[in-house]
Amino acid sequence: MTTSKALKTKKLDDSRHKIPSEKKDSLNYEWDRIAFWITFCVSFFVYQTTVAPSISGGDAGELVAEGCKLGTAHPPGYPLYVVIVFVVTTLGVFFLPYGYSKAWMVNTTSCIFGSLASAFLTSSILLILRGKRQGKFLRNHKGVIDTVAAVTMGLLHSSSSITWQYSTTAEVFALHNLFVAVIAHSAIQYQAKPSLTTYLKGAFVCGFALTNQHTSILLSLPLILWVLFVTRLYTPNKTSTTAVNGQMIYLILIASGTFLSSIIAFYATLPIFSQLRHHAGSWGDVTSLFGFINHIRRKDYGTLRLFSGNDANSEGFLERIFLWAKDFIFHQGKPIVAMCFVGGCIEVVRVERVRRSARSRFQSTRRSLVKKDTLKGFCRDLNFEIDGPGVELAIMLSL
């Protein structure tokens, strides 16, 4: 009897010190917001103090010129970036003091994109670190350490020489970095708390990113396959649908429609603007169907090539990989960052092996939880069943 009373008293004391889930989510949000804005503000301050005052070279001149007139840039057209340049330069003329060039306005926009990319990277790292602690909020020094670690990694990304260069000039790469960071953040958020909103947001951003830079598919495709695998959406007899407000919605079709709509919405502007605002200097003929398709698939360059011309005497594939690794280790990230990268990849594989070894216990626990939640309206709350490798493995494979 005394033992029973002691146990009840202990449970009562534990419940008093336990943080409610709503309060825990609020505290986690505060840490995320602090880390996000510290990374953004520091990165933007550094970028803005070193921003290029005018056209810096490369494709900057063409992109600014075509954007100011809503023209057609070089393949694949970069319709999203062209529209952004037009909006920024048009509004900048009216709202900014006299003396700022349109090139400076676009360069400053790249500063914002680059800073946001590093901020989302910081938030992603914080989500991963919290996942390692099973979503528990730590009020002690460990919560501060996680935040400092995430901000440090975000600022290291900002200070990379090539990231810094493209975050202060009128190029598409700062916006590309932002899209990559948002796609990764959406996938990590989906793993932490899967929902229909995050599912559709990820599909939209993956499609939206392709209107700026086609190489984003190298990250989008592995993550799309990961989502299909861990939610078992590819198995028709298991869960290709879910109930939303009493109706059956085909998730793959909805995601595909969301993905394609974001692409079509901006690529459709290429022939429209070419007809309405045609001018000398626009690249190619996108008013015909074949010309439009050839422009999108970069026929003038070669679909899988980054430049036009003869590259028969250039480096081979293995030599390019070696040169990339050398540049990454000694110029972009420094040896210490490369060592952390290799260590991180090893840790991801190790954690995945541990997770796979405990799969039977995990699945039995998950089945019991799903059964209980179903009685409470599991489908009505739009929660997804997730069972499979971690998203960190999918991101690592995309590298």
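Analyst: Leu91 lies in helix 4, where helices are DSSP runs of H or I with at least four residues, numbered from the N terminus. This is a predicted model, in which local features need pLDDT of at least 70, side-chain atom pairs count only at pLDDT 80 or more, and totals for chains, interfaces and linings use all residues. Residues are numbered from 1 along each chain as its sequence is written, and side-chain values use heavy atoms, with hydrogens and water left out.

Helix 4 covers residues 79-95, and at 1.5 Å a residue its 17 residues should span 24 Å, in agreement with end C-alpha atoms 24 Å apart; the expected span is 1.5 Å times one less than the number of residues.

Now for what is covered. Among the buried residues of helix 4 are Pro79, Leu80, Tyr81, Val82 and Ile84, while Leu91 is partly exposed at a relative accessible area of 46%. Here buried means under 20% relative accessible area, exposed over 50%, and partly exposed in between, with a 1.4 Å probe and protein chains only.

Leaving aside residues up to four places away in sequence, Tyr81 touches Leu63, Val106, Ser110, Ala170, Glu171, Val172, Leu175 and Asn212, a touch being heavy atoms within 4.5 Å. Tyr81, Leu175 and Leu223 have the most contacts inside the largest nonpolar core, which has 54 residues. Helix 8 gives the most to this core, with eleven residues. Such a core is a set of buried Ala, Val, Leu, Ile, Met, Phe, Trp, Tyr and Cys residues joined through side-chain atoms within 4.5 Å. Helix 8 is itself mostly covered, with 14 of its 20 residues buried.

Conventions:
Helix = DSSP H or I, 4+ residues; strand = E, 2+ residues; numbered from the N terminus.
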